[in-house]
Amino acid sequence: MPINDPVADMLTRIRNAIQAKHQSVLIPQSKIKVAIADILKSQGYIRDWEEARGQKFATMRVQLAYREGELSAIRGLKRVSKPGLRVHVGHGEIPRVYGGLGITIISTSQGMMTALISVGVAERVAPTERPLSRIGRQPVAIPSGVSVEVIYGGVVVTGPRGTLTQKFHPEVNVKVGGGQVVVERRTDRKFHHALHGLTRTLIANAIVGVTEGYSRTLELMGVGYRVQQNGEGITLSVGYSHTVELFPEEGLTMQVEGNNRVHVAGIDKQKVGQLAAKVRRVRPPNRYKEKGIRYQGEVLRLKPGKAAARRAV
């Protein structure tokens, strides 16, 4: 009979044998179960284990340990990471069991081991050998005509199009040298993993912004929908009883092309995207009436509506 979760099956067999006060229990043998049994034996939770003979399939016999005759050495077993729900943690995030009285068995690239041993292994690994973020580990090249200066809590990026100040979290380190920017994280915790790639992306966006800039184009759909230039801003006529006026903040521009297209441009990618979203929010595209404001290239799944469905019948 196939077993979907061999580890959970092993723990269940041991748990049931303890409740029945058995001295040993037969368990289907595998490499991972042997590794777990070796750890339990070394920590004193079982007396020993051996290969059971006379069985049709490879089977191991686990000798359970009891203290004072009746009290089992194992007080509880819990399967945390399951095949349908894997749990990944860094060596600094492993929870303690019974305030440190119990053990946590984890699977690592070095094999099965307890949490205490895994911390020691992680500390012996050289920093260059630790797994890095695929995005965060890539240095950001500084093109000619661009300067990057690291200040307290951020960087100042200056280029042909202007100057941007990008802040970053104090839990990451940013270094500038050799014509590139390198972002380093302090530990392998999940929080630092997230900051690593995020900080690198924000700095790269700032460098692209001061050299090439960013732009978003919006299109108006619908009969009678139009847009007009109003100084530095725009005036939208999109089916309301009144017109809607929008003006860009400092560092952004809004240009009208024809009467149904708006170009939003600037050096700050976040501000450009925010202003474009603000324009689109005035009249989001209607999937039934094919009216509204949408991004250029935005794919809309237009729906025929109930009337078209009735005509089709």
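# Helices, cores and salt bridges: a first chat

Colleague: What covers the buried residues of α2?
Modeller: The cover includes α1, β1 (24-28), β2 (46-51), β3 (59-64), β6 and β7 (111-114). Helices (H or I, at least four residues) and strands (E, at least two) are DSSP runs, numbered from the N terminus. Buried means under 20% relative accessible area, exposed over 50%, and partly exposed in between, with a 1.4 Å probe and protein chains only.

Colleague: Before we go on, what kind of model is this?
Modeller: This is a predicted model, where local features need pLDDT of at least 70 and side-chain atom pairs count only at pLDDT 80 or more, while totals for chains, interfaces and linings use all residues. Residues are numbered from 1 along each chain as its sequence is written, and side-chain values use heavy atoms, leaving out hydrogens and water.

Colleague: Back to α2, then. Which of its residues are buried?
Modeller: Lys 33, Val 34, Ile 36, Ala 37, Ile 39 and Leu 40 are buried in α2. As background, an α-helix has 3.6 residues a turn, so residues three or four places apart point the same way.

Colleague: How far apart are the end C-alpha atoms of α2?
Modeller: They are 17 Å apart, which agrees with the 16 Å that its twelve residues should span at 1.5 Å a residue. The expected span is 1.5 Å times one less than the number of residues. α2 is followed by Gly 44, which has a positive phi near 85 degrees.

Colleague: How many salt bridges are in the whole structure?
Modeller: The search finds twelve. One of them joins Lys 41 and Asp 48, with the closest N and O atoms 3.0 Å apart. Lys 41 is partly exposed at 39% relative accessible area, and Asp 48 is partly exposed at 32%.

Colleague: And which residue pairs with Arg 280?
Modeller: Glu 298, at 2.8 Å from N to O. Arg 280 sits in helix α5 and Glu 298 in the loop between β20 and α6 (305-312), so the pair ties together parts that are 18 residues apart in sequence. With 22% relative accessibility, Arg 280 counts as partly exposed. There is also a network: Glu 219, Glu 257, Arg 261 and Arg 294 are joined by salt bridges that share partners.

Colleague: New topic. How many residues has the largest nonpolar core?
Modeller: It has 21, and Ile 234, Leu 236, Val 279 and Ile 293 make the most contacts inside it. Two or more residues each come from β14 (214-221), β16 (233-237), β17 (244-246), β18 (252-257), β19 (261-266), α5 (269-282) and β20 (292-295). α5 gives the largest share, five residues. A nonpolar core is a set of buried Ala, Val, Leu, Ile, Met, Phe, Trp, Tyr and Cys residues joined through side-chain atoms within 4.5 Å.

Colleague: What does Ile 234 touch?
Modeller: Not counting residues up to four places away in sequence, its contacts (heavy atoms within 4.5 Å) include Val 227, Val 244, Leu 246, Met 254 and Val 279. A second, separate core has 20 residues, among them Ile 14, Leu 40, Ile 46 and Trp 49.

Colleague: And α4, how many residues does that have?
Modeller: Helix α4 (residues 190-211) has 22, and it reaches 33 Å from first C-alpha to last, close to the 32 Å expected. Just after α4, Gly 213 takes a positive phi of about 85 degrees.

Colleague: Where is Gly 213 found, and what is it in contact with?
Modeller: Gly 213 is in the loop between α4 and β14. Leaving aside neighbours within four places in sequence, Gly 213 is in contact with Arg 161, Val 208 and Gly 266. Its C-alpha is 7.9 Å from that of Lys 269, which is 56 residues away along the chain.

Terms used:
Salt bridge = Lys/Arg side-chain N within 4 Å of Asp/Glu carboxyl O.
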